[in-house]
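Hi everyone, thanks for coming. Have a look at the screen, and I'll walk you through a few spots.

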Amino acid sequence: MSEQQGAHFKRSMQTRHLVMLSLGGVIGTGLFLSSGYTVQQAGPTGAVLAYLVGGIVAWLVMMCLGELAVHMPDSGAFSAHASRYIGPGTGYMVAWMYWLTWTVALGSEFTAAAVFMGRWFPDIPGWYWSGLFAAIVFGVNAFTSRFFAESEFWLSLIKVIAVVVFVIVGAGAIIGWVPLQDSSGAALASPGLSAFWGEGAMSPSLLAIGTTLLAVMFAFSGTELIGIAAGETVDPARNVPKAIRATLWRLILFFVGTIIVIAALLPQSQAGLSQSPFVAVFQRLGVPGAADIMNFVIITALLSAANSGLYASSRMLWTLSDQGTLPKSLGRLNKRGIPMNALLLSMIGGFGALFSSVYAPETVYLVLVSISGLAVVVVWMAITLSQLNFRRQYLREGGRLKDLVYRTPCYPWVPLIAFAACLAACIGIAFDPQQRVALYFGVPFMALCYLVHFVSHRAVTQRSDHPNIAAEEKTV
């Protein structure tokens, strides 16, 4: 029997796989391309503060997820937790929101990767590269979860090495050990950290800093992939907490360290979205071929993000099938432990997002992007509320804290503070004209999810209440 309904995922991931999976989901174009825009908007000091706050909120959310994932390691992760500790409707909504987030990301990553390949192969049509990368990512996910984890480990390692080298060399330039030069090749004096207390160090507009904070919180999304992979991890009680601790301090170090280097070495007037701030800084350091080096790293980052995205979205569909809200065929695992039907549907969704980004960027794609942008913070809110309710229920049923292998510290303050911060980010979107569209489409989409779940759940209940109908369905 090649496919099984209700079979278990194979536990083959180690701590190093979890760490790199989480890093791969986070370190992407948001860091390599958009970080310069953050500095431009909030100022050097404001950008560093925004990334620090974003990192702290991510850390609080992951501590909540750690307790849930260790106690109930499930490939459905926070969707399954939300269904159990908040309500089935919320779990259904969270799964669809998160599935859409990564499905939209798939289309974006394949489109962007094709654009960057055009630097080296301008005569080859972009759809060729999009199709090739899609086939590679699908093949990696369709083989085994161990093969997927290994490929993601090495793809993420390339990005991590690039960031580490950037931070180390940049720190040397700040101190004065590495020479700087302008566009003509003339030597420049080391600026030190003067950018952080001089004029323009911080944006005078609190709204600009607040808007940056919202974007930064989105930039840290992907850390929650650890929770999804817990169901396919060897000894999750030991490896999940280790991975969470290792991932978070690395993320904060990488993101904050990167922003400090960019803000110190790149004039604020030159920071923006016209080119990668990594390329601009490397050029000021006189690194030959900086643009080609970063072109390669960014393509790697895009493929890594697509790899993680297809994995996450397929597991969300598997969760909905396992909960009985989608056809059982999407919950079948093949002999390698892969939910192939869910994988295929997620890839089709990714192609749909890709085509909409090309043919309907201001209509269909705008709606998809808006919903996916809001989804990350909504998922984080569901994680914190699930942990809050889980702990209450656990103690009410006679559970002992010392029996929890991993405990969220400072309960209930950690989940409450994290929930409040995420809620503030959602409310703050309403005050930013550029991000407000996320509420216009995201909130109705969430309401639609609840409505669909209510209708489908009611239909199932009515069928189960009529023995004759249930008997007929079984005979069919």
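Let me start with a definition: buried means under 20% relative accessible area, exposed means over 50%, and partly exposed is in between, using a 1.4 Å probe and protein chains only. So G139, at 35% relative accessibility, counts as partly exposed. You'll find G139 in helix α6, residues 126-143. Helices here are DSSP runs of H or I with at least four residues, strands are runs of E with at least two, and both are numbered from the N terminus.

Quick housekeeping. This is a predicted model, where local features need pLDDT of at least 70 and side-chain atom pairs count only at pLDDT 80 or more, while totals for chains, interfaces and linings use all residues. Residues are numbered from 1 along each chain as its sequence is written, and side-chain values use heavy atoms, leaving out hydrogens and water.

Is S151 buried or exposed? It counts as buried, because its relative accessibility is 17%. Setting aside neighbours within four places in sequence, S151 is in contact (heavy atoms within 4.5 Å) with V140 and N307. The S151 side chain also reaches the backbone oxygen of F148, at 2.7 Å.

Zooming out, the protein has 17 helices and four strands, and 54% of its 476 residues are buried.

Key: Polar contact = N/O pair within 3.5 Å; in protein donor to acceptor, adjacent residues only side chain to side chain.
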